[in-house]
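This report describes selected features of one protein model. Please keep the sequence and the three-dimensional view at hand while reading.

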Amino acid sequence: MRSTPLLPLVLLLLLNLGRAISNHAVVPSSLGGIDMSELEVEMSAGCDPSVAGCEVVEPLVSIELRALDPTTHLPPRPMGGTKATEADALADSFHVWLALPQDSFWVNLAPTESHRVIDSELGRTEVGKVMLDADLALKRTAATLLHPDHVVGAAFWDELYRWVGARPARLCHSFRQWIVPGVATMQITPRQSGAGCGEGDGEDGGGAGCGDGSCRPGALHVLRAPLKVMQEASYASDGAFGFLAADASGAAKAMCAGADENARVKADELFERLVLPALQAEVNESPEYERLRSAYLWRVVGEAYLSGAVSDADVEGDVDTDAEERKRRVDAEVLADFARRVDRSRFARKAGDGWSPSKVFELYAESASRGEFHVTRDVENTTSGDVLRRTYFHGGIDWRAVPSCVRRRAAGTGGFEERCVAGGGV
């Protein structure tokens, strides 16, 4: 599989399966989580590379299409792709995405939410560990980017202070981000049969294969699987589990009473424009998030199976459209039953590694209280010649004094209900 069209892509399915700053001080609060509950997948039909508008894409991972065996619970086999080795190391993730309910696919590190860090079932899996560790890494990556000695942080603070000028404005901003799936792109190639092909002729003794390349097993190719980083305000309006998080705007008001509201809005705009793209690039490119990206690849593959997008029709190269559709519906039901019966101990996280959600939360709370950096810089005002001493620090907040507001979906209304308490409890 070598080529896929950029324009047009065939839509497959849309699944609803989720500081105190002054002219001398900066205290950002970096909160948020990861929500893998909702997927949007585009299916590519393939194209001729010689035709204008066709782009050659090497898959991230190609998965051999084969029926799942409920007696062995073996996941599908990666058979190629630029990220095949990394995906194979987390192959058991496939069963997690199949067996657990969609409403468990979240993690949430917020200082007043120690009781709601991760779904209890997800927390017993390697996928849960990968997601929660990545959420903690997200806070630290954001702090690194905001450091005034970093090129991104320097641009952020320089532009913000240039906007503020020399007036003694008290600035206040609260940062909160969520990692969510971007739009994934897949392509399915059915099994090709040729003269001399037969069972067991393929590589590693499986599938259909022959030396002249005239036959090959069916395959699902994940071409693109980007992750997106969203600010809390955007996620709260679109995300499935925005109600899990503490209300960042309420917390910011408590921390920064009397702050310059216009400056806060400006800081938010600058973060969205300057910092968020760099943060998203880190999540999609940095080795620190490699395992999260691998887990997401299996999330895409698992949903393709569960939704009926992958079936024996693809494996056999069935050309009867009506029969293919019937088989997809039956296969989706079979897979749902497979997910219910899968042995969950097979994908449970290995005990004895010393890891636990509570320990991750403790590391996060320590960072939020102690701060990731605290530096002082003397900056000359090019207009007046005055030297301003600015102190930048990240964290250092006593969260016990911050009220927490939690929004939950109200039963039967489709809206939200909100409850706020002081002192960090909900």
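## Helix α4

Helix α4 (residues 151–164) has 14 residues, and from its first C-alpha to its last it reaches 20 Å, close to the 20 Å expected at 1.5 Å a residue; the expected span is 1.5 Å times one less than the number of residues. Helices (H or I, at least four residues) and strands (E, at least two) are DSSP runs, numbered from the N terminus. The model is predicted: local features need pLDDT of at least 70, side-chain atom pairs count only at pLDDT 80 or more, and totals for chains, interfaces and linings use all residues. Residues are numbered from 1 along each chain as its sequence is written, and side-chain values use heavy atoms, leaving out hydrogens and water.

Buried means under 20% relative accessible area, exposed over 50%, and partly exposed in between (1.4 Å probe, protein chains only). In α4, the buried residues are Val-152, Gly-153, Phe-156, Trp-157, Leu-160, Tyr-161 and Val-164. Seen down the axis of α4, they fall within an arc of 145 degrees, so they line one face of the helix; the arc is that of the directions from the helix axis to the C-beta atoms. The face turned away from this buried side carries the exposed residues Val-151 and Arg-162.

## Strand β12

In strand β12 (residues 175–181), seven of seven residues are buried. Phe-175, Gln-177, Ile-179 and Pro-181 lie on one side, with Arg-176, Trp-178 and Val-180 on the other.

β12 pairs with strand β15 (residues 227–231) in the antiparallel sense over five bridges; pairing requires at least two bridges found by DSSP. Val-229 in β15 is the bridge partner of Ile-179.
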